[in-house]
Amino acid sequence: MTMNIDRAALERAAADLLRAVGADVDSEALEETPRRVAEAYAELLTPQPFRATTFPNDDGYDELIVARSIPFHSLCMHHLLPFHGVAHIGYLPGERIIGLSKLGRVVEYFSRDLQIQERLTTQIAAWLQRELEPKGVGVVLEAEHLCMSLRGVQKLGAKTVTSALRGLVRDDARTRQEFLALTTRTTHDQ
Ligand SMILES: [Zn+2]
């Protein structure tokens, strides 16, 4: 979704929220808070456009290309609290390849939204399929949801893992195993 952010309304809402929790919004300490809250949310919800530069796969590279542990943060649409962690992305190239730095931009682009982790995972996979038309794509996200860990629903630091596997990364047993071996071992590294 593309967010249409009304800064003035966001500031008023932040002031209302402060009043609702019993804070004295007229105190000097809180004077700038509604503006800062509006700024923070606007930033968290505004995706940065980027160019999806791809290159022809001239050498016919046909092994998995994997970028591991791309850091990201997003905003949970159920509680408006952050969830953050790392993304692992792999694809089996077809005619085109993409600069590795772009993979981070893709993750960031879809993260700046009111999200749920499953949807973020599938959006990244769908984007790569559309832009690259690879033979296969795999996306694994490991994230801590503050809405769960801060409230004690889950232990602090506990990770939720989601994945979206497409094409040969899903259907070819060897490729799938290779992708999962390359990506899921971070759980133990960190
Ligand atoms: Zn939540």
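These legends describe close-up views of a predicted model.

**Figure 1. Overview of the predicted protein.** The protein contains eight helices and seven strands. Its C-alpha trace spans about 65 × 35 × 20 Å along the principal axes. Of the 190 residues, 39% are buried. Among contacts with a separation of 6 or more, 69% join residues 24 or more positions apart.

**Figure 2. Helix 1 crosses helix 2.** Helix 1 covers residues 7-20, and helix 2 covers residues 33-44. Their axes come within 8 Å and cross at roughly 125°. The two helices are therefore oblique to each other. The crossing of helix 1 with helix 2 is right-handed. Helix 1 contributes Arg-7, Leu-10, Glu-11, Ala-14, Ala-15 and Leu-18 to the contact. Helix 2 answers with Thr-33, Pro-34, Arg-35, Val-37, Ala-38, Glu-39, Tyr-41 and Ala-42. By type, the residues of this helix 1 and helix 2 contact are nine nonpolar, one polar and four charged.

**Figure 3. Helix 3 crosses helix 4.** Here the pair is helix 3, residues 100-111, and helix 4, residues 117-132. Their axes come within 10 Å and cross at roughly 135°. That angle makes helix 3 oblique to helix 4, because the roughly antiparallel class begins over 145 degrees. The crossing of helix 3 and helix 4 is right-handed. On the helix 3 side, the contact residues are Leu-103, Val-106, Val-107, Phe-110 and Ser-111. On the helix 4 side, they are Leu-120, Gln-123, Ile-124, Trp-127 and Leu-128. The contact of helix 3 with helix 4 has eight nonpolar residues, two polar and no charged.

**Figure 4. Gln-123 in helix 4.** Gln-123 is found in helix 4 and is among the residues that meet helix 3. Its relative accessibility is 18%, so Gln-123 counts as buried; the cut-off for buried is under 20%. Not counting residues up to four places away in sequence, Gln-123 touches Phe-110 and Gln-115.

**Figure 5. The largest nonpolar core and a second, separate one.** In soluble globular proteins, nonpolar side chains tend to be buried together. The largest nonpolar core here holds 27 residues. Phe-72, Ile-124 and Leu-128 touch the most other members. Two or more residues come from each of strand 2 (65-76), strand 3 (82-92), helix 3, helix 4 and strand 6 (136-145). Helix 4 gives the most to this core, with six residues. A second, separate core has six residues, including Leu-64, Leu-165, Val-169 and Phe-179.

**Figure 6. Ile-124 and its contacts.** Which residues is Ile-124 in contact with, leaving aside its neighbours within four places in sequence? They are Ile-89, Val-106, Val-107, Phe-110, Val-139 and Leu-141.

Figure 7. Arg-112 is found in the loop between helix 3 and strand 5 (114-115). Buried or exposed? At 15% relative accessibility, Arg-112 counts as buried. Leaving out residues up to four places away in sequence, Arg-112 touches Glu-43, Leu-44, Leu-45, Thr-46, Pro-47 and Gln-48. Arg-112 and Leu-44 are 68 residues apart in sequence. In space, their C-alpha atoms are 5.3 Å apart.

Figure 8. Ser-69 is not a glycine, although its phi is positive at about 55°. Ser-69 lies in strand 2. With 27% relative accessibility, Ser-69 counts as partly exposed. Leu-80 also has a positive phi of about 55° and is not a glycine. Leu-80 sits in the loop between strand 2 and strand 3. Its relative accessible area is 40%, so Leu-80 is partly exposed.

**Figure 9. Glu-178 and Leu-64.** Glu-178 lies in helix 7, residues 173-184. At 28% relative accessibility, Glu-178 counts as partly exposed. Glu-178 and Leu-64 are 114 residues apart in sequence. Their C-alpha atoms are 8.3 Å apart in space. Leu-64 is one of the six residues in the second core.

Conventions: Residues numbered from 1 in each chain as written. Predicted model: local features only at pLDDT ≥ 70, side-chain atom pairs only at ≥ 80, totals over all residues. Heavy atoms only, no water. Axes fitted to C-alpha atoms, helices over the stretch in contact; angles between N-to-C directions. Helix = DSSP H or I, 4+ residues; strand = E, 2+ residues; numbered from the N terminus. Parallel < 35°, antiparallel > 145°, perpendicular 65-115°, else oblique. Left-handed = near helix turned anticlockwise from the far one by under 90°. Contact = heavy atoms within 4.5 Å. Nonpolar A, V, L, I, M, F, W, Y, C, P; charged D, E, K, R; others polar. Core = buried A, V, L, I, M, F, W, Y, C linked by side-chain atoms within 4.5 Å. Buried < 20%, exposed > 50% of the residue type's maximum accessible area, 1.4 Å probe, protein only.
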